[in-house]
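This report walks through the sheets, helices and aromatic pairs of one model. Please keep the sequence and the structure open beside the text while reading.

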Amino acid sequence: MNMKQRLAGLATLIIGLSSFQSSFAMATTSEGFTDVPSSHPNYEAIMALQADGVIGGYPDGTYKPDQEVNRVESLKIILLGAAIEVPESTAELIFTDTDSTQWYAKYILKAFELAIVNGYPDKTFKPTQTVNLVEALKMLSETKEVDLSEVDTTVAPFADAGADQWYTKYVQYGKENEWIEGDSQNMVYPDQAMTRGKLAQLLYNAMKEELPPPVEEPTPLADMSVKIESFAFSPNVITIAQGTKVTWTNKDPVIHTVTSDDDGFQSSSSLSEGETYSYTFNELGTFDYHCTPHPTMEGQIIVKPANEVPTI
């Protein structure tokens, strides 16, 4: 399993985790999530990960970006996301505030075995405590197996993230690799609680180089209009991009037609005053046309590739 697959698994678990008991209900929509407007600070990250098929939301179409993530949820995310086998175990947990019969026990045991977590000096683990930024940085760094041996920990990476702290190397690495950035006062708030939105943002920042570039939707072609007025097509010669729809509208009190000289297109019936006819030009070339009852009325459509037609 390559790194992107591992991180995709990690992200899927991040977004699918819905409660303390870890219910993985997934739902994605091409329109995004009902509770993630474009003004949300994590909108771009959430949409990019969803578009790549990495994340999903809840069955009701929400994502719950502001819902916090706790320590045992994060452990399950990290271990399963990294494709680490977590066998059932009957071993007793060494932490005083955990229960060896709970669903999270095997994840804590495995994480402890791999030195991903060590607990607190007072022998507690605080399983329901919300994960903060520096803890999430450590987990993500361990999952990506990044080399931190050359990271300088003697200088504080941010005004509120000190040097020579247990988390300094993770914060410094995150800063150097643009996983995180400080605010206008060079503050990063290392103890800030991680929400689903913030965790998605962190993952997106770490995965940017591994995600495919966004697919740019082509600019929709503007329809073109031609008036049939005073016994003339106006304008009588137009240049359009391939795939453009042209609509003729009869403004005269008499009947007219739109008839291709080579029978390529033809209004299905004579157009009375106020009636319209539309045709989409998907072929390149020059197309001459006329009005059958009034053959001196002539027009021409020149169809070129979209990149050869000015947009203004």
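Ile228 stands opposite Phe233 in strand 2, where strands are DSSP runs of E with at least two residues, helices are DSSP runs of H or I with at least four residues, and both are numbered from the N terminus. The model is predicted, so that local features need pLDDT of at least 70 and side-chain atom pairs count only at pLDDT 80 or more, while totals for chains, interfaces and linings use all residues. Residues are numbered from 1 along each chain as its sequence is written, and side-chain values use heavy atoms, with hydrogens and water left out.

## The two sheets

Strand 1 and strand 2 pair in the antiparallel sense over 2 bridges; two strands are said to pair if DSSP finds at least two bridges between them. The hairpin that these strands form has 4 residues between the strands, and in it Ser230 takes a positive phi near 55°. Both strands belong to an open sheet of 4 strands, with the order 2-1-4-6 and mixed pairing. At its edges are strand 2 (233-234) and strand 6 (276-281), each of which pairs on one side only.

Within this sheet, strand 1 (residues 224-228) runs parallel to strand 4 (residues 244-250), and the two are joined over 5 bridges. Met224 has Val246 of strand 4 as its bridge partner, and Lys227 stands opposite Thr249 in strand 4.

Another open sheet is formed by 4 strands in the order 3-8-7-5, again with mixed pairing. Strand 3 (237-241) and strand 5 (259-260) are its edge strands, and each has a single partner strand, so one side of each is left without a neighbour in the sheet. The pairing of strand 3 with strand 8 (residues 298-304) is parallel and extends over 5 bridges, with Val303 in strand 8 as the bridge partner of Ile240.

## Aromatic pairs and charges over rings

A search of the whole structure finds 18 aromatic pairs, where rings of Phe, Tyr and Trp (its six-membered ring) pair if their centres lie within 6.5 Å, and planes under 30 degrees apart count as stacked, over 60 as edge-to-face and the rest as tilted. Two of these pairs are set out below.

| Ring pair | Distance between centres | Angle between planes | Class |
|---|---|---|---|
| Phe33 and Tyr63 | 5.3 Å | 40° | tilted |
| Trp248 and Tyr289 | 5.3 Å | 75° | edge-to-face |

Phe33 lies in the loop between helix 1 (3-16) and helix 2 (43-51), and Tyr63 in the loop between helix 2 and helix 3 (71-81), so the pair ties together parts that are 30 residues apart in sequence. Both Phe33 and Tyr63 are buried, a term that stands for under 20% relative accessible area, with exposed meaning over 50% and partly exposed in between (1.4 Å probe, protein chains only).

Trp248 lies in strand 4 and Tyr289 in strand 7 (residues 285-290), so this pair ties together parts that are 41 residues apart in sequence. Trp248 is buried with a relative accessible area of 0%, and Tyr289 is buried with a value of 1%.

A charge is taken to sit over a ring if NZ of Lys or CZ of Arg is within 6 Å of the ring centre and within 35 degrees of the ring normal. Lys126 lies over the face of Tyr120, at 4.1 Å from the ring centre, and the charged end of Lys175 sits over the ring of Phe158, 4.9 Å from its centre.

## The helices

In helix 4 (residues 105-113), the buried residues include Ala105, Tyr107, Ile108 and Ala111, as well as Lys106 and Lys110. Ala115, which follows helix 4, has a positive phi near 65°.

Helix 6 (residues 168-176) has among its buried residues Thr168, Tyr170, Val171, Gln172, Tyr173 and Gly174. The buried residues of helix 6 pack against helix 5 (133-144), and just after helix 6 Glu178 takes a positive phi of about 60°.

The axes of helix 5 and helix 7 (residues 196-207) come within 11 Å and cross at roughly 35°; such axes are lines fitted to C-alpha atoms, for helices over the stretch in contact, and angles run from 0 to 180 degrees between N-to-C directions. Ala136, Leu137, Leu140 and Lys144 of helix 5 make the contact with Leu199, Leu202, Leu203 and Ala206 of helix 7, contact meaning heavy atoms within 4.5 Å.
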